[in-house]
Amino acid sequence: MLVQAERALVELSRPGVAPQRFVELAAELSACPTRAIGGDMGWIGPHDCEPELANELFDQRHSRWGMGVHPRLIHTGHGFHIIEVLGRRKGRPIPYPQARASIAGDLAVQRQAMARENSLRSLIGEARVQGIDVNTLLLEESLRFWCHD
């Protein structure tokens, strides 16, 4: 998958490549659910994507890249991503009363995830499993390597 992603990135980085080619390659190679719509993620913010993508797209003090295809693959826990930026717009702060419900929901989801992980780790600690690294199984995720914003 890495080799395919690198080849696709090289192809998309060449001058004069048709904009439709990104859509075609996303539909052909992507494992992301957005493949059905050509990899288009629409307008996203830092909390709408994986932390590694958010870091590349939003958290850099001086952006190393702007519009167009990002010059390198971005690796996340879900695989390798090719990013094409079609537009940027400034965000605006949300007053706390408006954001409160969203913050509470995010914290509840985090608490549930931590509780599940702690329960699994407790069960694993009590289990006598041989021949399998159960810690690795807990952390494995399916791979995808294409997303587009």
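**Briefing on the predicted model**

Along the sequence, the elements of the protein run in the order α-α-α-β-β-β-β-α-α. That pattern comprises five helices and four strands. The structure is a predicted model, with an average pLDDT of 80 for the protein.

**Confidence**

- A pLDDT of at least 70 is reached by 83% of the residues.
- Among the elements, helix H2 (residues 20-29) has the highest mean pLDDT, 91, and helix H5 (residues 134-139) the lowest, 57.
- For residues 139-149 the pLDDT falls below 50, yet this stretch makes 62 contacts in the model beyond its near neighbours in sequence.
- Where pLDDT is low, predicted coordinates should not be read in detail.

**Burial and contacts across the protein**

- The protein has 149 residues, and 26% of them count as buried.
- Among contacts with a separation of 6 or more, 58% are between residues 24 or more positions apart.

**The largest pocket**

- The volume of the largest pocket is about 750 Å³.
- Its lining is made up of 27 residues, of which Ile44, Gly45, Pro46, Asp48 and Phe58 are the closest to the centre of the pocket.
- Helix H4 (residues 96-126) supplies seven residues, the largest share of the lining.
- By residue class, the lining of this pocket consists of eleven nonpolar, eight polar and eight charged residues.

**Cysteines**

- No disulfides are present: a search of the whole structure finds zero.
- Cys32 has a relative accessibility of 4% and is therefore classed as buried, the cut-off being under 20%.
- Cys49 is also buried, because its relative accessible area of 16% falls under the 20% limit.

**Glu11**

- Glu11 is located in helix H1 (residues 2-13).
- The relative accessibility of Glu11 is 24%, so this residue counts as partly exposed.
- Beyond neighbours within four places in sequence, Glu11 is in contact with Val17, Arg21 and Leu25.
- Eleven residues separate Glu11 from Phe22 in sequence, and the C-alpha to C-alpha distance between the two is 9.4 Å.

**Asp40**

- Asp40 belongs to the loop between H2 and helix H3 (51-57).
- Asp40 and Glu84 stand 44 residues apart in sequence, while their C-alpha atoms are 9.2 Å apart in space.

How values were computed. Residues numbered from 1 in each chain as written. Predicted model: local features only at pLDDT ≥ 70, side-chain atom pairs only at ≥ 80, totals over all residues. Heavy atoms only, no water. 1 Å grid on protein atoms, 1.4 Å probe; cavity = no way out; pocket = protein on both sides within 12 Å on 5 of 7 lines; lining within 4 Å. Points joined across faces, edges and corners; volume = space filled by probe spheres on them. Helix = DSSP H or I, 4+ residues; strand = E, 2+ residues; numbered from the N terminus. Nonpolar A, V, L, I, M, F, W, Y, C, P; charged D, E, K, R; others polar. pLDDT = per-residue confidence, 0-100. Contact = heavy atoms within 4.5 Å. Disulfide = S-S within 2.5 Å. Buried < 20%, exposed > 50% of the residue type's maximum accessible area, 1.4 Å probe, protein only.
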